Amino acid sequence: MQRGKGIPLRFVLGKSKMILGFAEGFPTMLKGEIAMFKMEPQIHYAEDDCPVTAPNGFPKDAELQFEIEMLDFFKAKVVAEDLGVVKKIVEEGKGWETPREPYEVTARITARTGDGKEILHSKEVPYFFTLGKSEVPKGLEMGIGTMVRKEKATIYVSCTYLTESSLMPQVEGLEEVHFEVELVQFIQVRDMLGDGRLIKRRVVDGRGEFPMDCPLHDSLLRVHYKGMLLDEPKSVFYDTQIDNDGEPLEFCSGEGLVPEGFEMCVRLMLPGEKSVVTCPPDFAYDKFPRPANVPEGAHVRWEIELLGFEVPKDWTGLTFKEIMEEADKIKNTGNRLFKEGKFELAKAKYEKLLREYNHVHPQDDEEGKIFANSRSSLHLNVAACYQKMGEYRKSIEACNKVVDSNPVHVKALYRRGMSYMLGGDFDDAKKDFEKMVTVDKSSEPDATAALLKLKQKEQEIEKKARKQFKGLFDKKPGEISEVGAEPADDKNVSDVAGSEEPVTSADRDGSRKPSPRAESEHAFEEERPGLIGRLWPSARRIFSSLGLNRCTIL
């Protein structure tokens, strides 16, 4: 369609604001067709709730005739919701990966104004730029962010999205620009941590589609790599081609066998891909056995080639015995990681097994017993990891999964009691330790030791509280009233030291049971908090530590 200025109008059906007659008439036209539409007032500007305002003096209450020429129509990609950026695909590209910040892009670009005047031409020499650095207008960058390799498209950008850039320093006075773009190539650059410290830059494309063909899950990986100090590019401290007799490095991901930054980047590589990685010290060798020629706090650069990888064996078709053997291998890896202090990785191994167990179905009572014991052991291992990580509430939740199915599981009671104690829930901890003796007399020694440790923790907290609030209750008679004579048992304090509980292979298998001594269970009655308790939640714990069951400060 054309108006007085000779500039075509563009509409997006279902998105653009237009009179009802246009919305119903456009779909009936062919490309190149010129038609005359006669419209009653109620289907043009006199329509109820018309989305388009008629110009001043426009005869909106009269029957009107519109002469329309359909220049072109195409399937559009709406890039900006306000229709300030719209893309027309001219030629389909390859694959489905699209560039994003901070990818490096190579493209051929031609720019024209709305009336067809060419203002930019770079088809002979492709333009190279980095997304996110304002090197092209914002709208053009948004449109290119929806393109795939080798795709050709026209991107319509309104003045709102025409920002100044090195490609187009002058954009003032332009209402709309049509960019003809051919996306020649882009290099994947990923900010792995989001803070610019760990950067992976792909220099040679791999085979397959990203990320479906990447070793995202734990796999056996084979890589060649060269490591060097970032500040001294020529100082190579390791090269598999030289230092490993030309053999690639083989390692299983998810087992902490290589620096964390190294593994994070390899998991996002395709077979055959080569990438350059720059890594900060805390994700390189400061938390990993450091080569002799790498100083502490060094930023490193790795040149990595992923030769291939093997995914873990599928359990489909395996017998129950074979499944449990494979499970033991993964569990033993988790145990090793736990002993090395890599609690997050160990927890991931145990949780992976628990997910796989959802698809395992024992065939008889004997298999069911073995399976139940193994699953309980894994839940308790997860609880141990959370306990070491200081996440006591999650540790308790993992123990509850065992206690719910077996309320007299001594090891689960012991571990949950330890988590309660470390989290400051002394009453619940005492209940679990005392219950251990009632269900299994042989656990009396461990329960006795745990109760002794619990008492010491309570005394430490009480001593700390008395010291912190010394003088608070040194008042004259009458200033403090309603002081209970009986000490309270509820001592919920969260500032407690970490667990010292050892976790051995025998401990994980459930073969060793803690043995507490028999003590009668006490009933603990929860008291309703008073006004101060509601306004200052921690006050109740502090007063309890001081031996004050209930008090009112006048």
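These legends describe close-up views of a predicted model.

The model is predicted, so local features need pLDDT of at least 70, side-chain atom pairs count only at pLDDT 80 or more, and totals for chains, interfaces and linings use all residues. Residues are numbered from 1 along each chain as its sequence is written, and side-chain values use heavy atoms, with hydrogens and water left out.

**View 1. Strand β9 pairs with β5 and with β8.** Helices (H or I, at least four residues) and strands (E, at least two) are DSSP runs, numbered from the N terminus. Two strands pair if DSSP finds at least two bridges between them. Ten bridges link β5 (residues 104-113) to β9 (residues 176-187), in the antiparallel sense. Thr-106 has Gln-185 of β9 as its bridge partner. Strand β8 (residues 152-158) also runs antiparallel to β9, joined by seven bridges. Here Ile-155 is partnered by Phe-179 in β9.

**View 2. Helix α9 is mostly covered.** Of its 13 residues, 13 are buried (under 20% relative accessible area; exposed is over 50%, partly exposed in between; 1.4 Å probe, protein chains only). Just after α9, Gly-424 has a positive phi of about 90°.

**View 3. His-379 sits in helix α7.** The helix covers residues 365-388. His-379 counts as buried because its relative accessibility is 14%. It contacts (heavy atoms within 4.5 Å) Leu-354, Ala-398, Lys-401 and Val-402, leaving aside residues up to four places away in sequence.
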